[in-house]
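Subject: Structure handover

Hello,

Please find the structure below, with my notes after it.

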Amino acid sequence: MDTPSTPPWQPPALPSFDAAARLRIVLVGTQHPGNIGSAARAIKTMGLSRLVLVAPERFPDREADALAAGARDLLDTAAVHATLAEAVADCRLVLGCTARSRRVPLPEQLPREAAATALAEAERGAEVALVFGRERTGLENEELQLCHGAVHIPSNPDYGSLNLAAAVQVLAYELRMAWLGGTPAPGGAPARDPAPVPAAGGDERAEPASHAQMEGFFAQLAETLDAIDFHKGRAPASAMRKLRRLFLRARPDVREVRLLRGVLADAQRMARLAAGGQGQGDPG
Ligand code: SAH
């Protein structure tokens with residue numbers, strides 16, 4: 001008896017993946033050029049196109065070209081920066097992927113949640129970075145401190161470190177799935193609700209501050225703490241680390257950062273006045 005043949009599965013017609021233009025995959029200090037090529041292939045297969053390299057050990061390189069296969073165009077257009085701070089200066093969300101779960105002083109997300117958050121931010125027009133570390137040593141603590149959150153692929157706790165390009169593939173796949181999940185189902189309604197976007201200070205219209213704006217604020221905060229003698233001889237690094245974590249977690253918007261900087265400017269002015277007042281009182 002003939003069984004009715006099932007028509008082959010057809011992918012649904014998709015709107016263009018516009019948010020992909022604002023999603024960058026950043027590879028920091030990559031040691032093996034082959035991994036850069038494989039990462040390019042991994043992201044192009046998932047509809048992403050922006051590869052950013054921070055101080056790669058060898059690039060451009062024949063091995064990268066060979067492993068990129070049909071994704072060599074992403075290597076040709078890859079931006080190369082000297083530091084991570086430079087590579088993410090215009091980003092409003094920076095997520096660091098780390099093999100070391102729970103040893104990171106940052107809020108941690110699973111790839112699925114992180115992809116939903118990243119996509120929602122990119123769809124709101126923000127520049128978003130997913131950051132991957134070196135093959136041998138991962139991301140340095142100072143680099144993780146530039147991130148709003150950490151992403152950990154819940155791998156085997158006894159052998160949990162994926163190959164760099166494999167980790168990139170997992171995140172790129174989740175970004176694609178998040179996007180597919182948000183595209184209209186045949187009935188016209190989204191297949192699922194869009195991912196919740198972390199509140200940026202309660203006012204939906206205000207843009208979260210960019211990485212560079214946050215760094216400007218942190219620099220002024222450090223100066224102010226010095227000016228008001230907050231540290232009293234203790235090393236400033238530990239307090240700054242905790243304050244960075246606090247403010248990055250809060251994800252202040254542009255206006256809130258302006259307000260905070262106004263407060264700091266006044267504190268700095270008062271500190272100068274106090275120092276001047278003391279100076280005047282000095283017998284000489
Ligand atoms: N020995 C290094 C492993 C680096 S693997 C370490 O302990 O950190 C290279 C990069 O791939 C990592 O920096 C990270 O960005 C990514 N990666 C590997 N395994 C991962 C995992 N389980 N979860 C998230 N990212 C991972």
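The model is predicted, so local features need pLDDT of at least 70 and side-chain atom pairs count only at pLDDT 80 or more, while totals for chains, interfaces and linings use all residues. Residues are numbered from 1 along each chain as its sequence is written, and side-chain values use heavy atoms, with hydrogens and water left out.

Ligand site

The ligand is surrounded by 20 residues, the closest being C97, R136, I153, G160 and L162 (near means that a heavy atom of the residue lies within 4 Å of the molecule). By class this shell has 8 nonpolar, 8 polar and 4 charged residues. Here Ala, Val, Leu, Ile, Met, Phe, Trp, Tyr, Cys and Pro count as nonpolar, Asp, Glu, Lys and Arg as charged, and the others, Gly among them, as polar.

A polar backbone atom of R136 is 3.0 Å from a nitrogen atom of the ligand, and a backbone N or O atom of T98 lies 3.2 Å from a ligand nitrogen atom. S155 places a polar side-chain atom 3.2 Å from a nitrogen atom of the ligand. The protein buries 91% of the 540 Å² that the ligand exposes when taken alone (Shrake-Rupley method, 1.4 Å probe).

Pocket and cavity

The ligand sits in the largest pocket, meaning that more than half of its atoms lie within 2 Å of the pocket's grid points. On a 1 Å grid over the protein atoms alone, a pocket is an open set of points with protein on both sides within 12 Å along at least five of seven lines, a cavity is a set where a 1.4 Å probe fits but cannot get out, and lining residues have an atom within 4 Å of a point.

The largest pocket has a volume of about 450 Å³ (the space filled by probe spheres set on the points). Its lining has 23 residues, with T98, A99, G138, S161 and L162 closest to the centre.

There is 1 cavity of 30 Å³ or more. The largest cavity is lined by R92, H148, P208, A209, M214, F247, L248, R251 and P252.

Backbone

Most residues other than glycine have a negative phi, and most peptide bonds are trans. The F59 to P60 peptide bond is cis, with omega near -5°. D229, not a glycine, has a positive phi of about 55°.

Regards

Terms used. A polar contact is a pair of N or O atoms within 3.5 Å; within protein, one must be able to donate a hydrogen and the other to accept it, and residues adjacent in sequence count only if both atoms are side-chain atoms.
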